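This report sets out selected features of the structure shown below, arranged by topic.

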Amino acid sequence: MARDAGVSQSDEGLVLERVAKSFGRAGRARQAVSDLDLRVDHGRFVCLIGPSGCGKSTVLRLAAGLVKADRGSVQLFGEDVALARREKRIGYVPQSPALLAWRSVLDNVRFPLEVNRNAPVSPTRSPEELLGALGLGDVLHRHPAELSGGMQQRVAIARAFAFGPSVLLMDEPFSAVDEMTRESLRHELLAVWQADQRLVLFVTHSVIEAVVLADEVVVLSARPGRVAARIPVELTRPRTAELEDSSEVHAVAREVRGALRAVTEGSR
Amino acid sequence: MSGTALEVTERRSLWRGARRWFPAVIALGFAAGVWQLIAIHNPLVLPTVSSVFARLAGQPGLFAKDAGATLEEVAVGAAAAFAAAFVIAVAMSELPIVERAMMPLAVALNVTPVVAIAPALTVMLGLSATPRYVVAAIVAFFPFLINALVGLRSVDPAVLELAQSLDASRAEVLWRVRLPSSLPFLFAGARICLPLAVVGAVVAELTTSGPSTGLGYLIESAESTYDLPEIFAAVLVLAVIGVALTVLLILAERTLVARRRGQA
């Protein structure tokens, strides 16, 4: 297991400890998350789900080092997340594809390699390979405006993998595409991920999506966000598209829905 | 056979072009006809279209020389204005304190009728073409500054977050994200500001006593001899200059910016 260097004495991947974060001015601040503990081990694919406004995105942005916690600590591989960000170990996929309109597909995927060049990167696959794996081999030199929404999101995924980050943080990346595209996107993501199984934290509001993708589904409670339940998904990998309709998936999905219902009722 | 096919497409696109311009050509011809009719009956108020063209054709060298002088003032003034406005816009977008310090001054400069300081510029800078460069530059400066500033800030926040997640430096974000994303706004600014620079140059020629060249100077000297056809001929040349500059900018924008809109 020659998995990515760093601190690999333990399986410690992403660790959020007693994290609190509020937004807005003092006095009228809104608590987004409070007292949140979350651990995601190396090589695990974890989906974060919860009622809207529960702070899912905040958790992800804390993990990406895009916002700073008011209290508690956010660590990646035993070091502070700010340091991990400086070392370019974080692959962030925002909700919108966030592509550069003036660059070709290929040059968009190369963007992470062009900035912060002091950080050592260890890409396992070339941008061309990744784009090919995501079915974009024929549009390398097209511009984003010439692509469909689903294709743009594939480019964003290729871009996140392109520099071989040790962790992938995805913020509802498939929320803007239609259901059919969405289904094939998750299996393409799984196929690309399967090759070197990095730590993934994936925010979604689709129960089926969470179950099909994850090793573990973490349910957050609303206002302030806290971990309400952790549901392991013991399905074999690699997972195929046929799995979507299987009874195993639906059994776990039922469990997740139950946890979600409990959380929503609790907050009323 | 491919040659024939090409010819057919070419002819087709020519025809399409002709159909597109047809209404404008008709309207222009109609306006010229009406003008000519009115002018024939009021020779002291309006020169006939034919007399204006006759004047142009009679001394093409004179008009070309003065058009060249005006164009030079526009080019120098606009280039200086664009360069200064762009540098200041970058400083403003990077450092909010620069914006707070300079924006009120820029706004004040914008609302000041520059014509009012043109005579002073002659006193200050002498009987050279410099005051004309300066007036052209001042007129073109502000709208370009605003456009450049808006352009530099037009970046999708998600893209900025992505760059932040990679710990991209400010210089990298400026060079690889902000500058390219401001490009369409720079073109929009230039399309507003180049015609403004023409206005500035002509106004300066009319009001400052610099060299005896430029279309504004030509108009002023024609005025003293009540030579209406010459004045209108000079105005016509100015109109052609304005249209030509706009067309050039549109062509440049098409080659540089169009691809990002998926119109390659």
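## Helix packing in chain B

The crossing of α6(B) and α8(B) is right-handed. In this predicted model, helix α6 of chain B spans residues 130-152, and its axis comes within 7 Å of that of α8(B), with a crossing angle of roughly 155°. Because angles over 145 degrees count as roughly antiparallel, α6(B) is roughly antiparallel to α8(B). The contact of α6(B) with α8(B) is made up, by class, of 22 nonpolar, 6 polar and 3 charged residues.

Helix α3 (residues 60-94) of chain B also packs with α8(B): the two axes come within 8 Å and cross at roughly 145°. The crossing of α3(B) and α8(B) is right-handed. On the α3(B) side the residues that meet α8(B) are B:Thr70, B:Glu73, B:Val74, B:Gly77, B:Ala78, B:Ala81, B:Ser93 and B:Glu94. Their partners in α8(B) include B:Arg170, B:Leu174 and B:Arg178, and also B:Cys193, B:Leu194, B:Ala197 and B:Glu205. By class, the contact of α3(B) with α8(B) holds 10 nonpolar, 4 polar and 5 charged residues.

## Domains of chain B

In the domain assignment, chain B has domain 1 at residues 1-46 and domain 2 at residues 48-261. The C-alpha centres of domain 1 and domain 2 of chain B are 30 Å apart.

## Interface between the chains

Chain B places 21 residues in contact with 20 residues of chain A. On the chain B side, α7 (157-165) and α8 (170-207) each supply at least two of the residues that touch chain A. The largest share, 7 residues, comes from α7(B). The side of chain B that touches chain A has, by class, 9 nonpolar, 4 polar and 8 charged residues.

## The six-stranded sheet of chain A

An open sheet in chain A consists of 6 strands in the order β6-β7-β8-β3-β9-β10, with mixed pairing. Its edge strands are β6 (90-93) and β10 (226-232) of chain A, each of which pairs on one side only. On average, neighbouring strands of this sheet are turned by 20° against each other, direction ignored.

Within the sheet, β7 (residues 167-171) and β8 (residues 199-203) of chain A run parallel and are joined by 5 bridges. A:Leu169 stands opposite A:Leu201 in β8(A). Helix α1 (residues 56-63) of chain A lies across β3 (45-49), β7, β8 and β9 (216-221) of chain A. The direction of α1(A) is at about 150° to β8(A).

## Pairings of β1 in chain A

Which strands of chain A pair with β1(A) in the antiparallel sense? One is β2 (residues 30-40), which pairs with β1 (residues 14-23) over 7 bridges. A:Phe23 stands opposite A:Arg30 in β2(A). The two strands β1(A) and β2(A) form a hairpin with 6 residues between them. In the turn of this hairpin, A:Gly24 has a positive phi of about 95°.

Strand β4 (residues 71-76) of chain A also pairs with β1(A) in the antiparallel sense, here over 5 bridges. In this pairing, A:Ala20 stands opposite A:Arg71 in β4(A).

Notes: Residues are numbered from 1 along each chain as its sequence is written. Chains are lettered from A and ligands numbered from 1 in the order in which they are written. This is a predicted model: local features need pLDDT of at least 70, side-chain atom pairs count only at pLDDT 80 or more; totals for chains, interfaces and linings use all residues. Two residues are in contact if their C-beta atoms, placed from the backbone, lie within 7 Å. Helices (H or I, at least four residues) and strands (E, at least two) are DSSP runs, numbered from the N terminus. Ala, Val, Leu, Ile, Met, Phe, Trp, Tyr, Cys and Pro count as nonpolar, Asp, Glu, Lys and Arg as charged, and the others, Gly among them, as polar. Axes are lines fitted to C-alpha atoms, for helices over the stretch in contact, and angles run from 0 to 180 degrees between N-to-C directions. Angles under 35 degrees count as roughly parallel, over 145 as roughly antiparallel, 65 to 115 as roughly perpendicular and the rest as oblique. A crossing is left-handed if the near helix is turned anticlockwise from the far one by less than a right angle, and right-handed if clockwise. Two strands pair if DSSP finds at least two bridges between them. Domain bounds come from an automatic or database domain assignment.
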